[in-house]
Structure formats: structure tokens, C-alpha cells
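Please look through the model below before reading on. The paragraphs after it go from one part to the next.

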Amino acid sequence: MTTLTNQRQFLTSFGQLTAVRPGPQPSQLVLECGDRKITCRAERLDGGPTGALCLEVDGRRLQAWIAGRTIHLLGRTWELEDVTGRSRRSRVQDTGGLTSPMPGTVLDVRVKTGDSVTKGQVLVVIEAMKMEHAVKAPTDGTVRAVHFKIGDRCGPGDVLVDVGD
Amino acid sequence: MKRVLIANRGEIAVRIIRTLRERGIESVAVYSEADATAPHVFMADQAVCLGPAAATESYLNIPKLIAAITATGADAVHPGYGLLSENPVFAEAVAAAGAVFIGPPPSAMRAMSKKTDARATMIAAGVPVVPGGEIGDIARIGYPVLVKAASGGGGKGMRRVMAAEELEDAVASCQREAAKAFGDASVYLERLVLRPRHIEIQVLADSHGNVVHLFERECSVQRRHQKVVEESPSPVLTARVRDAMGAAAVAAAKAVGYVNAGTCEFLYDDRDESFYFLEMNTRLQVEHPVTELVTGLDLVSEQLRIAAGEPLGYSQDQLSQRGHAIEVRLYAEDPVTWLPQIGRVDTLVWPEGPGIRVDSGIYAGWEVGVNYDPMLAKLCVYAADRPKAVARLRRALAETVVLGVRTNLPLLQHIADSPAYLAGDTTTAFLDEHPFDAKAWVDAMPDAAVIAMALGATGTPAQATPGAAPASSDPYSPWARLPRDATHVRAPAKQETAPGGAS
């Protein structure tokens, strides 16, 4: 059986930070999330199917599957990023860059640097898997930079256009 | 029929091979370089590499497929769905190569492939169609309207236009997409029926003039005009409408001299029980398993029998719909944005137990790439009635584990858990009216998930001491009779020396 030795911090996709640290008693954990603070008994158990994580939390035996930041537990799947040791600043996502949602090819670029854009305006059209996807301005603003041109290949998360105030 | 080449990939190729194996027919798989280790390649009796990943260089390349048919001596070809399944030129090339095309005659495909022609044929056959026409007819048709690719299908090449100022952009975008996806830029307009249900009728026609229908499938819950949930029976269809729709589908099939399995899609309006012919899919559908579950027929097997010239051997009144079946499509796709995802499937656990069928084209370790459709598998449940089937679906989805690549599993669970879904309030607007709430999903995460993540990051738990015999306090246990230092059971010496014997 394994218990926790060091504090770990996790971030949900909506920016909720949860910290888990060893409790005062052996096999005890303290979980803190905002104003909420919970102490429970939790242990990692040996055995179980290959790839699965078996644990006991407050007497209940559970089986979890974890791959990277994704976890399947109690019939549902969630994503939780381990941000242990990372500064608060690096956890904050830059919201000015409009990123490519998927790998594909840039089909059309409808704006240039300096253009004023309005919320919902189509900035770039990308094509992937034989479908077109429009990348739209999230707010009113000014185009600060366009990083791709028609025909370029783009990867998921690539910043296509910077839009600022 | 001795050897069938499957001109497809993924779960449908696997599904076709299963029936071929059960019937004692040899299977020939084809694959692209990107699919060299795909499940269908290993499952087939033999496999032929067509070429590079791009579909035009492999799965859509008719000369390469014909060469594979000739090289392997395949006497029939099953096209699956998508790819070349509705391409009459391919069907003709297969016939010219001396093999049987397991599908309708090219003339029937042509009659149905151009949607504008199909509409005219249906009107002549007395089958009701949605009011529509060319771009210039917009004043007569009115808004809201759908711009559709004349040669489209599978939800691609379609644009919804709510007002006049959007029309020009939608037509241009639709034409571009249509030219690229279908090699035909022509588009047409169709009046948009608001909050319709999508209900389709499966038909089977033999080469002796017998045509039957295998009842309906309701496929209303869609995103991007592509189905995600399909079921049979429909939660709302009355026996009277079912019979009328079935008769219309049979009339449609007869009007074009249809042979083999096909599906007539209809829009159904709950309010006045009216239905309109949308199109006929001249192939096996993705969602055919729900029909198989409620009718007890193997549709691929029926396709093989029909292609071999056998008569159906049953009439409409010998067919029945029993119980309730639901299929959900599992995609490598973001549950919120519906955008395709790529990545390696690290963990894969399929549901088990009563009334479950999984048709998958992946395995743990499979790399989901950008080249093909991101559908990973179809999960089907079958139960005595709809409420039991929905409960079974919820249970099956909770047992399903797919990690490593983001999937639409949370979206499927959201649908299955929705009171509106259980109530059968399924229209094509379902996901607009009941959108997946990602925030609520994240908020519902139990503390145990964070604890598991924290404990999981703590490193591997201590392993049992290597070489130690399993301890047993039970003197009657077979383990108790093993020597304490035994690490594995050795076969007796006599067997070790046996010729060719494996210990």
C-alpha cells in the first residue's frame, strides 16, 4: 500500500485549483479546494488489472484508470492537470491568441494586421478531415499579428491570429 | 462466393470480415501505409497494401483496388460505407474485373446519387419530398433554408441559412467543400423543417423483384448534421406511420430498380405526422446494427446472399421488430467543440454483460491520426423496451474507458442521462436545446478523482518479492503443494522431450 508523501496540486479545465497533501495521521490525506477542506483516509492498493490504479478512500474500494491528465473513475472521465511546483503565473492561459483547434490546412485568412474586428467575425478558415472550421473573433478588437497564410499546415494549439484591444 | 475483398477500413471492415468468417468465406483486406497495423489488416485472411495514407492514393484509388482484386483472385467486393461505396464507376470497374459488387446496380446508384435527380424520381413515384429547388428559387422556398451539395452525404457539404444576408457566403463555402469532398460543386436548396426527427427505413431488395423493409431507425440526435445516437424503434412512430413510411421506402427502391441493402432517409414532423423523403443511401449504413438487433437478421450476410443471386426467402409479414436497440458513436472528438482529436489510445476497456454489442476499429495502442474519419467504435445496447435500453446504455457507457485521446464519451453520457432523451424527445435540435454542460461535468467530479491522481503520481506501489511462492493458509489449495521457491510450474520431463511439444 502506498500513501502520499508530498503535496500535489491539480487544475481542472475551468481553472479550479485543488491541493492534496499528507494528513497528520498515517494514510490520511487533506484535500483543499477553495474554501473546502476535507480530511480522509486514502491508500493506493497493490494489484488490480494492468494499467488500473486501485485505491481505498474512506473505506470504499475504487478502481481508476489514468493516462496523462485524463482519469476515468466511477464511470466518468475527467481531465486534471498536475501543476505541482508551477508558479501561479504560468498556470494562467494567454487569452489573446486564437489557436487552431485541430491539425489542418489554412484555407482562408480574412484579416490582416491592424484590422478592426468585431466579436464573431470569421478571421481564419481551416480545413481538416474534409471539413471546414471557421476561427472567429471572441471579442471586438484589433488584429495584432497573423501567423499563418493560406495553404500553411497548422497543428492543434498553434496560435493563428493575435487579437488585442 | 469464395473470396471477398473489403474496399474499406476501420470498424466496418472488421464487421464485414466477422460475417465472412462465420460463413466460411475468405476475406481480403486492403490498407494504406497509415493503416499497416490496423485491426482489419490482422483479422483478414490476407491483406494488400494500396499505397500512401492519402485516401486518393489508397482507399479511393480505383486502379489500385482493381489490381488488388485481380492479384488476390477475389470474386466479390464489399465496399462498406463511405469511401467508394456509392461510386457507380467503381462498381462498374469491379464488374469489368470479373468480380461481383456487393451493392446495388450502378444505374440505381446514379439515380439516387445526384440528390436533385433523386428528388424528381421520388416525386414521380409518389413519395413525398421536402420543398426545394435551385438558388434562384429562394423566393419560392423561403427561409430558413439548407444549402446542400447535390452529390453530398454523411453530413458534409451542408449549410444552414437563417436569413438572406448569409446565403451568398453559405453557397460559396458549400460549393468549395462539395468540390473537394465529392468532386462536384453543384448545390441546391431545401426548406429547413424546424425541430424535425430524422427517421430512416432500411430496405432489402433481391434480384428477383422482391423488396421488403426492415422497419425504421431514428437518428435524430446529431451534431454537425452527423448522427451520434441511433435507435430502433423510433420513440414516436405509430404503426400507421411506420407502415406508410415503409411502403414509401419500398416504392422508392422499386422506382430505381434497387437491389441489395439500402436506406431511405426521411424527415419526420411530430406535429402533423408528415414525412418527407430526403435521400436514399445506396449502401450499408453505419447504424445497421440496431436493425440487426431488433430484426435478428445479419445485414452483411443478407447482402452476400442477395449479391450471389439468392432470393430473400421471406416476405414483409414474416418480419418483425422485437425489443429496443440503441447505438452511440464513439468519436475521437472534443465533447464541447465537436472537433476531431488525434492521439494514441492508451487505455481501452469495453463494456461487457447482457445486451451489449461493440463494433470497434481500434485497440489499446492504436494511434488516431488525421487521415480518416475519427469514429473509433459503435456501442450498441439491446433490451426488452426503450426505458430498459436507456438504462443499459447508461450502464454500458459508464463501463467504457478510453484514455489517451479525447473522446465524445462525456457527450454520449450527457445524452443518455438527459431526462429529455429518456422521454423520447429526440429531434435534430436535441443538442442545441440540451447542450453538453462542460462546467457541470467538471463540477460533478468527485474528490476521489483528485485523490487518485495524487496517489497515481506517487510512483508504482511495492511489488511482491520476486520468486516468492504465493502464500496459502489453505492446506487443500493446489498452491499449498508447490515447493516454496517455485516461480512457475514446469511441465513433466516426458512432455518436454515430445517432438514438437511446447511446454
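What follows is a walk through a sheet, a helix, some ring contacts and a single residue of this predicted model.

Start with the sheet in chain B. Five strands form an open sheet there, in the order S3-S2-S1-S4-S5, and their pairing is parallel. Its edge strands are S3 and S5 (100-101) of chain B, each of which pairs on one side only. Strand S2 of chain B covers residues 26-32, and five bridges join S2 to S3(B) in the parallel sense.

Next comes helix H6 of chain B, residues 115-124. Which of the residues in this helix are buried? They are B:Lys115, B:Ala118, B:Arg119 and B:Met122. Viewed down the axis of H6(B), the buried residues fall within an arc of 105°, so they line one face of the helix. Just after H6(B) comes B:Gly126, with a positive phi of about 80°.

Now turn to the aromatic rings. Over all chains, the structure holds eight aromatic pairs. A pair of this kind is described by the distance of the ring centres and the angle of the planes. One of the pairs is formed by B:Tyr59 and B:Tyr372; the arrangement is edge-to-face, with 5.5 Å centre to centre and 80° between the planes. This pair links distant parts of the chain, for the two residues are 313 residues apart. B:Tyr59 is in the loop between strand S3 (46-51) and helix H3 (62-72) of chain B, while B:Tyr372 is in the loop between strands S21 (367-368) and S22 (375-383) of chain B. Both B:Tyr59 and B:Tyr372 are buried.

Ring pairs also link A:Trp78, B:Phe436 and B:Trp441 into a cluster. Rings can have a charged neighbour too: B:Arg223 lies over the face of B:Tyr331, 4.5 Å from the ring centre. Likewise, the charged end of B:Arg386 sits over the ring of B:Tyr421, at 4.6 Å from its centre.

Last, consider A:Thr77, in strand S8 (residues 76-82) of chain A. Is A:Thr77 buried or exposed? Its relative accessibility is 12%, and buried means under 20%, so A:Thr77 counts as buried. Leaving out residues up to four places away in sequence, A:Thr77 touches A:Thr70, A:Ile71 and A:His72, as well as B:Leu403, B:Leu409 and B:Trp441. The side chains of A:Thr77 and A:His72 are joined by a polar contact of 3.3 Å.

Methods: Residues numbered from 1 in each chain as written. Chains lettered and ligands numbered in written order. Predicted model: local features only at pLDDT ≥ 70, side-chain atom pairs only at ≥ 80, totals over all residues. Heavy atoms only, no water. Helix = DSSP H or I, 4+ residues; strand = E, 2+ residues; numbered from the N terminus. Buried < 20%, exposed > 50% of the residue type's maximum accessible area, 1.4 Å probe, protein only. Polar contact = N/O pair within 3.5 Å; in protein donor to acceptor, adjacent residues only side chain to side chain. Contact = heavy atoms within 4.5 Å. Phe/Tyr/Trp six-rings, centres within 6.5 Å; stacked < 30°, edge-to-face > 60°. Lys NZ or Arg CZ within 6 Å of the ring centre and 35° of its normal. Arc of directions from axis to C-beta. Pairing = 2+ DSSP bridges.
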